[in-house]
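Work through the exercises below with the sequence and the model side by side. Try each task before you read its solution.

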Amino acid sequence: MTAERALLSCQRWLCAVWILGVFPPFLLMSVQTLHNYYGLHDQDAWGWLLTATMPTFSLVIGSYISSAMEPSAARKSIDSAVFLLSMTFSGLYLLVVNGILFFLPFSSISPLDAMHHLNLLLGALQGLVGTCLGVFFTRHRKGPSKSVKG
């Protein structure tokens, strides 16, 4: 039997990773927009960032809020391996999104071209993140477990 963790605690950690992971690119893009970094293509740049982050960010936050409102939430647990995979792929994905934006000034091609070239990598990673989070948010156990960690 694999070790299990308290579901709400794990969801809080995932929320923290996503909040901390999306804040820097949104702040950076806001500053870049104010300084006309993307020229006439601000909407394209924001579209790229919003598409890359908001669907999964909304899922993570919404699922946590939904779970936290359930009276039985404190008794639910999740397999530690599923939680660790979800955290690992979420962190990796957010590092790549951040890396793309923070290294755009050093690219030899235009920022939007660089964003579009890296969409295949983001798509593959986003698929892994979505799969892990799908399992994470649907495969929790009800009731106390022998080895539930907080």
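## Exercises with worked solutions

V31 has its place in helix α1 (residues 7-34). The model is a predicted one, in which local features need pLDDT of at least 70 and side-chain atom pairs count only at pLDDT 80 or more, while totals for chains, interfaces and linings use all residues. Residues are numbered from 1 along each chain as its sequence is written, and side-chain values use heavy atoms, with hydrogens and water left out.

**Exercise 1.** Classify V31 as buried, partly exposed or exposed, and find the surface patch that holds V31.

Step 1. Take the cut-offs: buried means under 20% relative accessible area, exposed means over 50%, and partly exposed lies in between (1.4 Å probe, protein chains only).
Step 2. V31 has 39% relative accessibility, so V31 counts as partly exposed.
Step 3. Take the rule for patches: members have over 30% relative accessible area and no salt bridge; like charges are joined within 9 Å, and nonpolar side chains (Val, Leu, Ile, Met, Phe, Trp, Tyr) within 5 Å.
Step 4. V31 forms a nonpolar surface patch with F23 and L27, and together they have about 290 Å² of accessible area. Such areas come from the Shrake-Rupley method with a 1.4 Å probe, and for residues only the protein chains shown count as cover.

**Exercise 2.** How are α1 and α2 oriented to each other?

Step 1. The axes are lines fitted to C-alpha atoms, for helices over the stretch in contact, and angles run from 0 to 180 degrees between N-to-C directions.
Step 2. The axes of α1 and helix α2 (residues 42-68) come within 10 Å and cross at roughly 160 degrees.
Step 3. Angles under 35 degrees count as roughly parallel, over 145 as roughly antiparallel, 65 to 115 as roughly perpendicular and the rest as oblique.
Step 4. The two helices α1 and α2 are therefore roughly antiparallel.
Step 5. For the loop between α1 and α2, note N36. The phi of N36 is near 60 degrees, a positive value in a residue other than glycine. Most residues other than glycine have a negative phi.

**Exercise 3.** Which side chains meet in a salt bridge?

Step 1. A salt bridge is a side-chain nitrogen of Lys or Arg within 4 Å of a carboxyl oxygen of Asp or Glu.
Step 2. A search of the whole structure finds 1 salt bridge.
Step 3. The partners are K76 and E70, at 2.5 Å from N to O.
Step 4. K76 counts as buried because its relative accessibility is 7%, whereas E70, with 30%, is partly exposed.

**Exercise 4.** Compare sequence separation with C-alpha separation for L101 and P25, and for A81 and F136.

Step 1. L101 belongs to helix α3, and its relative accessible area of 0% makes L101 buried.
Step 2. L101 and P25 are 76 residues apart along the chain, with their C-alpha atoms separated by 6.6 Å.
Step 3. A81 is in helix α3 (residues 80-103) and is partly exposed at 44% relative accessibility.
Step 4. A81 and F136 are 55 residues apart along the chain, with 9.7 Å between their C-alpha atoms.

Notes. Helices (H or I, at least four residues) and strands (E, at least two) are DSSP runs, numbered from the N terminus.
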